[in-house]
Amino acid sequence: MSLVSFPVIDPAATGRNIMRLRLEQGLTVRDIQVFFGFEEPQAIYKWQSGKSLPTVDNLYALSALLDVRMDEILVAAKPELKIAEIEPQAEACGSIIFIVCFVGAVIELLVEFDDSIVNWRNTQNSRK
């Protein structure tokens with residue numbers, strides 16, 4: 001069984017992408033606001049700034065408006081591998097100690113990844 005990394009959406013990059021796609025279509029924030037029937041444009045500004053992501057149904061509608069697939073709107077987060085921090089540890093450690101150091105660094109990355117997921121879930125829950 002091969003390991004596949006868990007995909008995560010980059011809200012800031014997705015927001016920049018929404019703005020780019022909107023501008024390419026010659027649409028204003030007001031145009032999108034009217035299309036969705038929003039009383040205020042704040043949701044669209046939050047999408048574009050990466051403070052929130054569109055719900056699935058809004059993402060579907062936005063993809064139709066922008067004439068792109070939903071996956072062309074979303075931008076995947078790139079995992080931040082801290083190899084540079086691990087290499088100096090490798091030089092200072094023997095082979096068994098290196099493994100312990102490496103596992104510690106991986107655990108630190110996983111904890112940061114878990115924090116990202118918690119933050120993303122909190123963002124999702126706050127929109128409900």
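Visitor: Why does Phe38 count as partly exposed?
Guide: This is a predicted model. Phe38 has 24% relative accessibility. Buried means under 20% and exposed means over 50%, so Phe38, at 24%, counts as partly exposed.

Visitor: What makes Trp47 buried?
Guide: The relative accessible area of Trp47 is 4%. Buried requires a value under 20%, and Trp47 is therefore buried.

Visitor: Why is the pair of Phe38 and Trp47 called edge-to-face?
Guide: The ring centres of Phe38 and Trp47 are 6.1 Å apart, and the planes stand at 75°. Centres within 6.5 Å make a pair, and planes over 60 degrees apart count as edge-to-face; the pair of Phe38 and Trp47 is therefore edge-to-face.

Visitor: Which residues do ring pairs link into a cluster?
Guide: The cluster consists of Phe35, Phe36, Phe38 and Trp47. The structure holds four aromatic pairs. One of them joins Phe35 and Phe36, edge-to-face, with 5.2 Å centre to centre and 90° between the planes.

Visitor: Why are helices α2 and α3 called oblique to each other?
Guide: The axes of α2 (residues 29–36) and α3 (residues 42–49) cross at roughly 120° and come within 9 Å. Roughly perpendicular covers 65 to 115 degrees, and roughly antiparallel begins over 145; α2 and α3 are therefore oblique.

Visitor: Which residues of α2 meet α3?
Guide: Val29, Ile32, Gln33 and Phe36 in α2 meet Ile44, Tyr45, Trp47 and Gln48 in α3. By class, this contact has six nonpolar, two polar and no charged residues.

Notes: Residues are numbered from 1 along each chain as its sequence is written. This is a predicted model: local features need pLDDT of at least 70, side-chain atom pairs count only at pLDDT 80 or more; totals for chains, interfaces and linings use all residues. Side-chain values use heavy atoms; hydrogens and water are left out. Axes are lines fitted to C-alpha atoms, for helices over the stretch in contact, and angles run from 0 to 180 degrees between N-to-C directions. Helices (H or I, at least four residues) and strands (E, at least two) are DSSP runs, numbered from the N terminus. Angles under 35 degrees count as roughly parallel, over 145 as roughly antiparallel, 65 to 115 as roughly perpendicular and the rest as oblique. Contact means heavy atoms within 4.5 Å. Ala, Val, Leu, Ile, Met, Phe, Trp, Tyr, Cys and Pro count as nonpolar, Asp, Glu, Lys and Arg as charged, and the others, Gly among them, as polar. Rings of Phe, Tyr and Trp (its six-membered ring) pair if their centres lie within 6.5 Å; planes under 30 degrees apart count as stacked, over 60 as edge-to-face and the rest as tilted. Buried means under 20% relative accessible area, exposed over 50%, partly exposed in between (1.4 Å probe, protein chains only).
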